[in-house]
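Please keep the sequence and the coordinates at hand.

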Amino acid sequence: MLENFLETLAALAEESGIANLTWQQGVMILISFVFMYLAIKKQFEPLLLLPIAFGMLLTNLPNSNMYHPELFEGTDISLGNIFKDGGLLDVFYIGVKFEIFPPLIFLGIGCMTDFAPLIANPKSFLLGAAAQGGIFFTFVGAALLGFSDREAGSIAIIGGADGPTSIFVSSQLLNGGGFSVDTGTIALAAYTYMALVPVIQPPIMKALTTQKERLVRMDSLRPVSKTEKIIFPILVTIVIALLVPDATTLVGMLMLGNLLKESGVCERLVKTAQNELMNIVTILLGVSVGATTTADKVISMAFLKVILLGVIAFCLGTACGVLFGKLMYVVTKGKVNPLIGSAGVSAVPMAARISQKVGAEYDPTNFLLMNAMGPNVAGVIGSAVAAGVLLSIIPH
């Protein structure tokens, strides 16, 4: 009896997580603690960073059997096998792998976005487009560093500062396995830099502008009619779908959400998309993306390159927006404040707030926020279009 009891204890000890914990998993668990700290204490994108961090913790606990990456390898993925042999996080990850969660996030964003600043000042589209320049510069740079076209495209989209778009693009381009990076590491880098917008952008904005340019006061935006607000999402969907078909999924869902909001006749749907649906999808997306950040993917030279290229992409995107803002300053003879160009990245509304904050440092009475919101919401559309361009030019 005693011998059997001791054998049982020995078997339990051998199968315990403590006995099977590797140093790589221990490092990943510590990294998850760091992200939890940043989300809770520093409030860096907590709605997504905290679920991602906890998903990272769960997937790196040995013998937890919650996520099995082998079930998602290859192009012929069996849902039956996932539901039969997979864990909870495998089921959640279906929404990422089959590009379900990112479009639903865009639906919710559309319901919460006011495109009036962009409609009132259509030139903002140019700033939003210019800020996507970092994506394409980084695509070339990643290719030169030895990444494949699909990996380079997945890394480059980080420059759009849009987590759902990064997930959407990487889940398609990195489909099939055998890549040095994956959707989880791309998403982790994207959300990290989104959270660091207040740290990364101001030095670039100040370095590329003069004090005279930062002090420019912009005219108040004209009122936008309800008819314009209703026509806008319909028109944008048609135009972009005809020009860049691969961007239709994200842009279409974004504009559907906005049309529901601006129509004024779908209040229940708008509330659901803004709150219950958005919150549920955010939790599932964050935890499932965090689950993919296994030690073999993060503790690698490839991931260090992703982090480096990601920050380069984001910095270049900010710089392109500011530089184009300087061009508009010259063309309009001093009527455009170049600081609003930095808001052309897709981090809404944080990037617009940074434009306001930096401008207020030099003139506390200068109100740039509404003018910066135009490029900012244009950046959301721009990042989706850039994603469509990448998907259309890269075979996958």
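At what angle do α10 and α20 pack, and how far apart are their axes? The angle is about 145°, and the axes lie 7 Å apart. Some conventions apply here. The model is predicted, so local features need pLDDT of at least 70 and side-chain atom pairs count only at pLDDT 80 or more, while totals for chains, interfaces and linings use all residues. Residues are numbered from 1 along each chain as its sequence is written, and side-chain values use heavy atoms, with hydrogens and water left out. Helices are DSSP runs of H or I with at least four residues, numbered from the N terminus. Axes are lines fitted to C-alpha atoms, for helices over the stretch in contact, and angles between N-to-C directions run from 0 to 180 degrees.

The crossing of α10 past α20 is right-handed, that is, the near helix is turned clockwise from the far one by less than a right angle. On the α10 side, G133, G134, F137, T138 and A142 take part; they meet L309, I312, A313, L316, G317 and C320 of α20, where contact means heavy atoms within 4.5 Å. Sorted by class, this contact has seven nonpolar, four polar and no charged residues. In this scheme Ala, Val, Leu, Ile, Met, Phe, Trp, Tyr, Cys and Pro are nonpolar, Asp, Glu, Lys and Arg are charged, and the others, Gly among them, are polar.

Helix α10 (residues 133-144) also packs with helix α22 (residues 369-393), at an angle of about 30° and with the axes 10 Å apart. The pair is therefore roughly parallel, a term for angles under 35 degrees. Here too α10 passes its partner α22 in a right-handed crossing. I135, F136 and F139 of α10 make the contact with A386, V389 and L390 of α22. The class count for α10 with α22 is six nonpolar, no polar and no charged residues.

The loops hold the remaining features. In the loop between α20 (301-331) and α21 (350-362) lies P349, which is joined to V348 by a cis peptide bond with omega of about -10°. K333 is found in the loop between α20 and α21; its phi is positive, near 55°, in a residue other than glycine. K333 is exposed at a relative accessible area of 78%, exposed being over 50% with a 1.4 Å probe and protein chains only.

N65, in the loop between α4 (46-60) and α5 (79-85), has a positive phi of about 55° although it is not a glycine. With 55% relative accessibility, N65 counts as exposed.

How values were computed: Helices (H or I, at least four residues) and strands (E, at least two) are DSSP runs, numbered from the N terminus. Angles under 35 degrees count as roughly parallel, over 145 as roughly antiparallel, 65 to 115 as roughly perpendicular and the rest as oblique. Buried means under 20% relative accessible area, exposed over 50%, partly exposed in between (1.4 Å probe, protein chains only).
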